[in-house]
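Morning, everyone. Please have a look at the model on the screen, and I'll walk you through it.

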Amino acid sequence: MTSTPSPTPGLTRFNAAEEHAARAALRAVCASAAWADEVLARRPYPDTASLLAAGDAATAGLRAADLAEAMAGHPPIGRPKPGDPASAREQRGMTDASDALRAEMLELNLAYQEKFGHVFLICATGLTGEQMRDAVRHRIDNAPEHEREIVRGELGKINRIRLARLAAAPDGEGDPP
């Protein structure tokens with residue numbers, strides 16, 4: 001006999017949240033309105049795996065404008081959004097970076113943004129400042145179409161981490177809702 005896993009406290013709270021609160025929680029995960037709408041439309045979720053699968057499908061379906069909207073919600077590497085615990089947590093690898101590495105990342109971020117028209121997006125969770133620097137150095141030579149698909153993959157990783165955190169949050173704790 002196989003049992004169905006029960007939803008986690010955060011997932012239960014997300015499933016039961018009023019639409020505006022659930023949408024706000026999803027927009028904190030990903031700034032794309034189309035992504036949030038797609039994930040919201042599939043509620044309720046029986047388990048975290050279903051929520052993650054919906055997030056993956058929504059990320060894969062983002063059009064260029066939706067992807068741009070999602071990227072606009074991410075600060076440059078080395079400059080997490082003030083007051084945003086997710087941003088600070090995800091960019092922790094830059095916390096102890098030397099002044100020289102910070103200056104180099106600023107220069108690389110600006111060069112990347114000049115070439116591609118958006119911030120350098122990477123799933124920074126668990127990466128060191130040096131690894132992030134090496135990634136931007138490597139990716140800055142990509143063709144725009146190739147880089148857009150890499151960005152989509154990185155966004156998907158970030159969204160998965162954030163959705164899993166939302167679903168796992170004990171009642172009243174963690175990131176929104």
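Predicted model: local features only at pLDDT ≥ 70, side-chain atom pairs only at ≥ 80, totals over all residues.

Rolling a probe the size of a water molecule over the atoms shows where empty space is left. How many cavities of 30 Å³ or more does a search of the whole structure find? One. The largest cavity holds about 110 Å³ of space. Twelve residues line it, and the closest to its centre are H74, I77, E90, Q91 and I122. What kinds of residues make up the lining of the largest cavity? Seven are nonpolar, three are polar and two are charged. Helix 6, residues 85–90, gives at least two residues to that lining, and helix 9 also gives at least two.

Stay with helix 9. Two packed helices are described by the angle between their axes and the distance between the axes. Take helix 1 and helix 9. Their axes come within 4 Å of each other and cross at roughly 90 degrees. So helix 1 is roughly perpendicular to helix 9. Which residues touch? From helix 1, we have P9, G10, L11 and F14; from helix 9, L166, A167 and A168. Sort that contact by class, and you get six nonpolar residues, one polar and no charged ones.

Now helix 2. This is residues 19–29, and helix 9 is residues 144–168. These two pack at an angle of about 140 degrees, and their axes are 9 Å apart. Angles over 145 degrees would count as roughly antiparallel. Helix 2 is therefore oblique to helix 9. On the helix 2 side, the contact uses A25, L26, A28 and V29. On the helix 9 side, N159, R162, L163 and L166 take part. The classes here are six nonpolar, one polar and one charged.

Next, back to F14, and to aromatic rings. The structure holds three aromatic pairs. One of them is F14 with Y45: the ring centres are 6.5 Å apart and the planes are at 25 degrees, so the pair is stacked. Where do these two sit in the chain? F14 is in helix 1, residues 9–16, while Y45 is in the loop between helix 3 and helix 4.

Most peptide bonds are trans. Is the bond that joins R43 and P44 cis or trans? Cis, with omega about 0 degrees.

Notes. Residues numbered from 1 in each chain as written. Heavy atoms only, no water. Axes fitted to C-alpha atoms, helices over the stretch in contact; angles between N-to-C directions. Parallel < 35°, antiparallel > 145°, perpendicular 65-115°, else oblique. Contact = heavy atoms within 4.5 Å. Nonpolar A, V, L, I, M, F, W, Y, C, P; charged D, E, K, R; others polar. 1 Å grid on protein atoms, 1.4 Å probe; cavity = no way out; pocket = protein on both sides within 12 Å on 5 of 7 lines; lining within 4 Å. Points joined across faces, edges and corners; volume = space filled by probe spheres on them. Phe/Tyr/Trp six-rings, centres within 6.5 Å; stacked < 30°, edge-to-face > 60°.
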